[in-house]
There are 2 protein chains.
Amino acid sequence: MKEIKVVKQIMEWNDDVSDKIKELTASKNVCIINVMGSPGAGKTSLITRLIEELSKEYKIGVIEGDITDTIDAVKIDELGIPVVQLQTDGACHIEAMSIEHILPMFNLDELDIIFVENIGNLVCPAEFNIGENFRIAILSVPEGDDKVAKYPLMFSTSDFLVMHKYDMKEYFDFDDKRVEKDTLDRNPKAKIFRVSSKTGDGLSEFVEAVKDKVSMRS
Amino acid sequence: MKEIKVVKQIMEWNDDVSDKIKELTASKNVCIINVMGSPGAGKTSLITRLIEELSKEYKIGVIEGDITDTIDAVKIDELGIPVVQLQTDGACHIEAMSIEHILPMFNLDELDIIFVENIGNLVCPAEFNIGENFRIAILSVPEGDDKVAKYPLMFSTSDFLVMHKYDMKEYFDFDDKRVEKDTLDRNPKAKIFRVSSKTGDGLSEFVEAVKDKVSMRS
């Protein structure tokens with residue numbers, strides 16, 4: 001089983017680098033937040049909303065992970081926030097080695113929070129620690145309420161679950177109680193939020209929870 | 001770059017097995033259709049609709065790929081269609097080696113079409129040929145109109161693109177012309193459909209195109 005052995009090697013290397021990143025960011029009092037979810041779950045729009053709220057108190061940077069292109073990085077740049085675009089050139093997730101390479105491009109002494117927008121993918125990103133302080137998983141209502149059961153690792157390893165595009169709930173057959181139960185069964189400590197970045201509903205409660213978590217960063 | 005080298009080794013092995021599968025299915029006059037898309041794009045619901053229409057003329061089997069669970073396989077089984085659940089146990093795509101292992105579980109002399117529902121993921125599945133005759137990529141309206149630009153490989157290697165959940169278009173800021181252009185720029189031969197499995201709109205045209213493609217299978 002050549003393939004399985006190789007993945008383990010990468011994983012161990014990745015986890016070593018992830019630990020090094022945690023030491024560095026702790027010494028600089030910087031909090032890395034790993035934001036994960038499907039393509040189109042609304043990662044960029046939720047990060048944008050968080051930046052609007054959190055930038056009143058915190059200095060923020062963003063690492064935009066994408067297979068190719070700079071569509072999302074341009075949106076963040078327009079907010080006047082320092083942003084680095086990581087292009088994975090086909091790879092389906094971000095590895096700690098890439099974050100280690102990018103961090104020196106920021107002035108860490110002048111930042112409190114770095115959002116990392118991971119590749120749109122419910123599977124692989126969850127397997128790779130990237131030196132983050134905590135994880136936000138986003139599940140948008142149109143994706144369906146069976147996704148926690150079908151892609152359990154992401155939801156069992158994330159501190160926060162955001163049910164996103166919640167204003168669309170009336171148009172979809174989406175059982176939020178099922179999502180909540182499936183998540184808490186696997187991850188009893190998960191905090192769960194129902195948010196619409198479009199209308200702003202549910203946002204303030206989520207922002208407060210993120211602030212609490214950021215305040216525990218060092 | 002240890003990691004990249006290893007991926008190439010897997011790729012070459014995978015492509016060899018994919019070619020073997022194509023020889024086998026050609027000899028049996030069976031058509032394998034690789035159905036790909038994000039989590040929640042509606043792969044199972046579209047396959048279900050296709051089965052309803054195509055089973056009048058063709059004998060159909062399904063391989064359901066999932067990380068874990070049997071949620072989708074149960075739905076297909078309820079249609080009275082032979083189905084095998086492939087659980088990838090965490091892996092983010094299906095490889096040809098798994099299809100080669102599963103095919104003997106079907107009676108290929110009594111089948112015309114095998115749908116393979118790939119793992120919900122816009123990235124990795126596109127990199128792996130699984131012996132398919134053709135590919136259907138599904139992009140649902142709620143995912144957003146920038147996905148072809150952001151995840152180009154899947155859309156440049158698929159014969160058909162289905163813009164799915166098209167009945168939801170009025171509720172989302174979704175530019176179907178952009179999706180069409182982004183797809184045809186990368187893949188001029190792609191055939192593009194606007195379908196709602198819920199209302200049935202656009203389905204008959206898509207079914208006819210699938211039939212045409214299946215008729216060219218051997």
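Guide: In chain A, 75% of the contacts between residues at least 6 apart in sequence join residues at least 24 apart; two residues are in contact if their C-beta atoms, placed from the backbone, lie within 7 Å. This is a predicted model, in which local features need pLDDT of at least 70, side-chain atom pairs count only at pLDDT 80 or more, and totals for chains, interfaces and linings use all residues. Residues are numbered from 1 along each chain as its sequence is written, while chains are lettered from A and ligands numbered from 1 in the order in which they are written.

Chain A has eight helices and seven strands (DSSP runs numbered from the N terminus: H or I of at least four residues for helices, E of at least two for strands). Its C-alpha trace spans about 50 × 45 × 35 Å along the principal axes.

Now the close look. Helix H2 of chain A covers residues 43–54 and packs against helix H8 of chain A, residues 203–215. Their axes, lines fitted to C-alpha atoms over the stretch in contact, are 11 Å apart and form an angle of about 70 degrees. H2(A) and H8(A) are therefore roughly perpendicular, the term for 65 to 115 degrees on a scale from 0 to 180 degrees between N-to-C directions.

From H2(A) come A:Arg49, A:Leu50, A:Glu53 and A:Leu54, which meet A:Leu203, A:Val207 and A:Val210 of H8(A). By class, this contact has five nonpolar residues, two charged and no polar ones (Ala, Val, Leu, Ile, Met, Phe, Trp, Tyr, Cys and Pro count as nonpolar, Asp, Glu, Lys and Arg as charged, the others, Gly among them, as polar).

Technical notes:
Parallel < 35°, antiparallel > 145°, perpendicular 65-115°, else oblique.
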